[in-house]
Amino acid sequence: MNLNQQERISPTQAIILIINYILGVGILTLPRTAAAEVGTPDIWITIIISSIFPIIVGMIILILNNRYPDKTFFQYSREIVGKIISVILGVTMIIYFLTLTSFEVRVMAEVTETYLLEGTPIPVLIVLFLWLAFYLNTDGINSIARVFQVIFPLTVIIFILIATMSLGLFEINNLRPVMGNGILPVLKGVKTTSLSYIGIELIIILSAYLTDPKKGKKIVFIGVLLPMIFYLVTVVIVIGALSIDGVGNLAWPTISLINSFEFPGIFFERFDSLFLIVWILQIFATISITLYVASLGMSQLFNKNIKIFLLVFLPIVLIISMVPNDIHQLFALGDLLGNAAILLFGVLPILLLGISFLRRKFN
């Protein structure tokens with residue numbers, strides 16, 4: 001693949017792409033899912049431990065990518081396993097990214113309808129967001145990266161503001177005792193919290209676009225470390241304010257915490273809208289890149305213009321996003337995607353790397 005300079009992205013842009021992608025829905029749902037699995041205030045320890053696995057996954061993918069410079073997974077997999085199997089693997093991965101796009105856009109529409117635009121039909125919101133994502137994607141990955149660069153500083157500023165405002169509700173006793181039930185509950189939640197780092201798999205196509213591929217390790221490490229800090233602070237303030245029992249009964253505990261802010265004498269009261277606006281931008285960025293990767297995969301597998309697939313995939317994503325009948329089925333779809341990610345990006349790259357070594361050794 002011969003990329004011109006305009007299609008390249010810098011290592012900093014790649015880091016921001018991965019951070020925005022990882023944060024996505026997780027910052028809203030992680031406190032609830034982790035509380036249900038761990039059942040003790042030690043979730044923060046689980047989050048630190050589970051950050052090791054996405055770094056390992058990212059490094060393995062990097063080793064595989066570096067054997068085929070300037071090529072994405074959809075291009076180099078043919079050299080490893082042949083045309084037919086590579087198409088099967090590529091299409092499977094495309095289905096994953098399309099389903100992930102559908103999941104993220106449905107969550108965004110559900111939260112928007114509940115907290116900002118009550119009574120607005122969910123399909124209308126989904127179509128609106130998808131059309132905007134299509135418009136952004138038509139200009140390529142560099143344009144997506146530049147939008148991410150605008151969103152990220154806003155996210156950091158709002159996040160620090162929300163964390164500071166939460167201090168008035170924070171109760172340190174809600175985080176005690178540390179390891180009161182031993183290490184087993186902490187380890188029990190590692191799989192669940194590891195799935196909140198879904199997004200590191202983006203490196204499987206990003207390496208081909210980097211202006212400096214040698215900084216891949218730095219991109220993976222910082223791309224996981226910063227979301228880990230975001231998650232850690234979020235869980236500590238949410239559990240500290242609402243307690244472990246209170247979090248387990250809430251669908252969106254982070255928003256519930258922000259809704260409880262009260263500052264007498266301050267004219268502005270809807271602090272949740274402040275957070276939601278930034279968060280919606282965050283999710284919009286995520287669905288933009290997942291839709292782009294799915295379309296890129298099809299264009300490279302079948303050597304067609306990417307814009308055709310960007311357009312064709314819009315109604316498909318809409319249909320998939322409306323399959324869950326309620327919020328519980330939606331969360332179940334999220335769990336299914338997490339398990340699929342383990343196989344596609346945790347197991348598959350190891351197998352391909354092994355086959356790649358063997359092919360080069362005996363050819």
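Reader: Is the crossing in which helix 5 passes helix 16 left-handed or right-handed?

Author: This is a predicted model, where local features need pLDDT of at least 70 and side-chain atom pairs count only at pLDDT 80 or more, while totals for chains, interfaces and linings use all residues. Residues are numbered from 1 along each chain as its sequence is written, and side-chain values use heavy atoms, without hydrogens and water. A crossing is left-handed if the near helix is turned anticlockwise from the far one by less than a right angle, and right-handed if clockwise. Where helix 5 passes helix 16, the crossing is left-handed.

Reader: How are helix 5 and helix 16 oriented to each other?

Author: Helices are DSSP runs (H or I, at least four residues), numbered from the N terminus. Helix 5 (residues 73-81) packs on helix 16 (residues 327-362) at about 50 degrees, with axes 9 Å apart; axes are lines fitted to C-alpha atoms over the stretch in contact, and angles run from 0 to 180 degrees between N-to-C directions. Angles under 35 degrees count as roughly parallel, over 145 as roughly antiparallel, 65 to 115 as roughly perpendicular and the rest as oblique. The two helices, helix 5 and helix 16, are therefore oblique.

Reader: Which helix gives the most to the lining of the largest pocket?

Author: Helix 1 (11-23), helix 2 (26-38), helix 6 (83-115), helix 10 (190-194) and helix 16 each supply at least two residues of that lining. With seven residues, the most given to the lining of the largest pocket comes from helix 2.
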